Amino acid sequence: MTMNKSDLMNRLAEEKGFSLSTAKEIVDMVFEDMTQALIKGDRVEIRGFGSFKMKAYKGYSGRNPRSGENTEVKSKRLPVFKVGKDLRERVDYP
């Protein structure tokens, strides 16, 4: 089973009594604020869940596996997630 954004909005609406449109606004606002913090280079930490931060990767020479042609891979920044201790312990089944 997969939980997606719609499932999160529906659950918020059902459990907290919000309208679906209000739940959508709340979820969108949370994700947008997290995204903007990461764009600025800030770290996003949710206690008991984990943290997100941006990681910079240098460019390098690579090879296209299909054609075998050499290519340059540009440097990039990507968000990375580090699971928190509480979540790690809760999902680590014996």
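Surface patches are taken here as groups of residues with over 30% relative accessible area and no salt bridge, in which nonpolar side chains are joined within 5 Å. In this predicted model, one nonpolar patch of about 340 Å² is made by M3, L8, V30 and F31. Of these residues, M3 lies in the segment that comes before α1 (5–16).

Side chains of opposite charge can pair when their charged atoms come close. With a cut-off of 4 Å between a side-chain nitrogen of Lys or Arg and a carboxyl oxygen of Asp or Glu, the count comes to six salt bridges. Among them is the pair formed by K24 and D28, whose closest N and O atoms are 2.6 Å apart. Both K24 and D28 belong to helix α2 (residues 20–39), where four residues, or about one turn of the helix, separate them. K24 has a relative accessibility of 42% and therefore counts as partly exposed; D28, at 24%, is likewise partly exposed.

Another salt bridge brings together the side chains of D42 and K40, with an N to O distance of 3.8 Å. Here D42 is partly exposed because its relative accessibility is 35%, whereas K40 has a relative accessible area of 65% and so is exposed. The side chains of R43 and E45 also meet in a salt bridge, at 2.9 Å from N to O. In this pair, R43 counts as exposed at 51% relative accessibility, a value to be read against the cut-off of over 50% for exposed residues. E45, with a relative accessible area of 39%, is partly exposed. Shared partners also matter in this description: salt bridges of this kind join K5, K24 and D28 into one network.

Turning to the strands, three of them form an open sheet in the order β1-β2-β5, with antiparallel pairing. Strands β1 (44–46) and β5 (76–83) stand at the edges with a single partner strand each, so one side of each is left without a neighbour in the sheet. On average, neighbouring strands of this sheet are turned by 25° against each other, with direction ignored. Strand β2 (residues 50–57) is joined to β5 by eight bridges, and the two run antiparallel. For a handy point of reference when viewing this pairing, F52 has F81 in β5 as its bridge partner.

Notes
Residues numbered from 1 in each chain as written. Predicted model: local features only at pLDDT ≥ 70, side-chain atom pairs only at ≥ 80, totals over all residues. Heavy atoms only, no water. Patch = residues over 30% accessible without salt bridge, like charges linked within 9 Å, V, L, I, M, F, W, Y side chains within 5 Å. Areas by Shrake-Rupley, 256 points an atom, 1.4 Å probe, with all protein chains shown as cover. Buried < 20%, exposed > 50% of the residue type's maximum accessible area, 1.4 Å probe, protein only. Pairing = 2+ DSSP bridges. Axes fitted to C-alpha atoms, helices over the stretch in contact; angles between N-to-C directions.
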